[in-house]
Amino acid sequence: TTDNRREKISYKQYTRFTSYTLIGYIITPFDTIFNIVMKSILSFINLISLSLLSISFAFSPHNANANANISISTTTRTMTSKTALNAAKPFAIMVEAEIKPDRLADFLDIIERDAIGSRTEPGCIRFDVIQDQMNPCKFFFYEVYTDMDAVQFHREQPHFALWGDFKKSGGVVHTLSHKCDGIFMSD
């Protein structure tokens, strides 16, 4: 019965059918290659766009303010509130510090004295020290001050100098500080 069907199809229909089939076999690999090439070109364009965006952001005035709010090293940065609206709000500092394991006992003594001393300062609202559960050498400090004057006062205190001296002595693997304006704060 298959032979009978073939006989009923005209030669013109048969050649049209086989040419579409052959084209299908030829187009499929080219279609795949085309998709790969197009995806590569789009990925490259995306990479260029992101690079240009990064470069433009690096040279924008906004980035200068970002550097004042985040410090990865132990250098001192000037801390100012970004807007007049936030100038009257509390100022928070969140510090992540990884301590060298052999200096952990020294650190705990120093940071306890720093926290206790800081809590007695008139402009200090809160000074918490918390320890990471996964890495016992990683700590976070959460400090909240009434304003920038209180932060400056804090930096002039002897208990703050203990932390600075500890960092200078090489007891810290790394620190990361985030300077934040208080928005929704508890009493």
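Reader: Which hand is the crossing of H5 and H7?
Author: The crossing of H5 and H7 is left-handed. That term applies if the near helix is turned anticlockwise from the far one by less than a right angle; clockwise is right-handed. Keep in mind that this is a predicted model: local features need pLDDT of at least 70, side-chain atom pairs count only at pLDDT 80 or more, and totals for chains, interfaces and linings use all residues. Residues are numbered from 1 along each chain as its sequence is written, and side-chain values use heavy atoms, with hydrogens and water left out.

Reader: At what angle do H5 and H7 pack?
Author: About 150 degrees, with the axes 8 Å apart. Axes are lines fitted to C-alpha atoms, for helices over the stretch in contact, and angles run from 0 to 180 degrees between N-to-C directions. H5 and H7 are therefore roughly antiparallel (over 145 degrees; under 35 is roughly parallel, 65 to 115 roughly perpendicular, the rest oblique).

Reader: Which residues of H5 and H7 make the contact?
Author: H5 gives Asp106, Phe107, Ile110, Arg113, Asp114, Gly117 and Ser118. H7 gives His159, Phe160, Leu162, Trp163 and Phe166. Contact means heavy atoms within 4.5 Å.

Reader: And by class, what does the contact of H5 with H7 have?
Author: 6 nonpolar, 3 polar and 3 charged residues. Ala, Val, Leu, Ile, Met, Phe, Trp, Tyr, Cys and Pro count as nonpolar, Asp, Glu, Lys and Arg as charged, and the others, Gly among them, as polar.

Reader: Switching to rings. How many aromatic pairs are there?
Author: The structure holds 6. Rings of Phe, Tyr and Trp (its six-membered ring) pair if their centres lie within 6.5 Å; planes under 30 degrees apart are stacked, over 60 edge-to-face, the rest tilted. Phe107 and Phe139 have ring centres 4.7 Å apart and planes at 50 degrees, so that pair is tilted.

Reader: Where do Phe107 and Phe139 lie?
Author: Phe107 is in helix H5 (residues 104–119) and Phe139 in strand E4 (residues 138–145), so the pair ties together parts 32 residues apart in sequence. Helices (H or I, at least four residues) and strands (E, at least two) are DSSP runs, numbered from the N terminus.

Reader: Is Phe107 buried or exposed?
Author: Buried, at 0% relative accessibility. The cut-offs on relative accessible area are under 20% for buried, over 50% for exposed and partly exposed in between (1.4 Å probe, protein chains only). Phe139 is buried too, at 3%.

Reader: What about Phe107 with Phe141?
Author: Stacked, 6.2 Å centre to centre, with 15 degrees between the planes.
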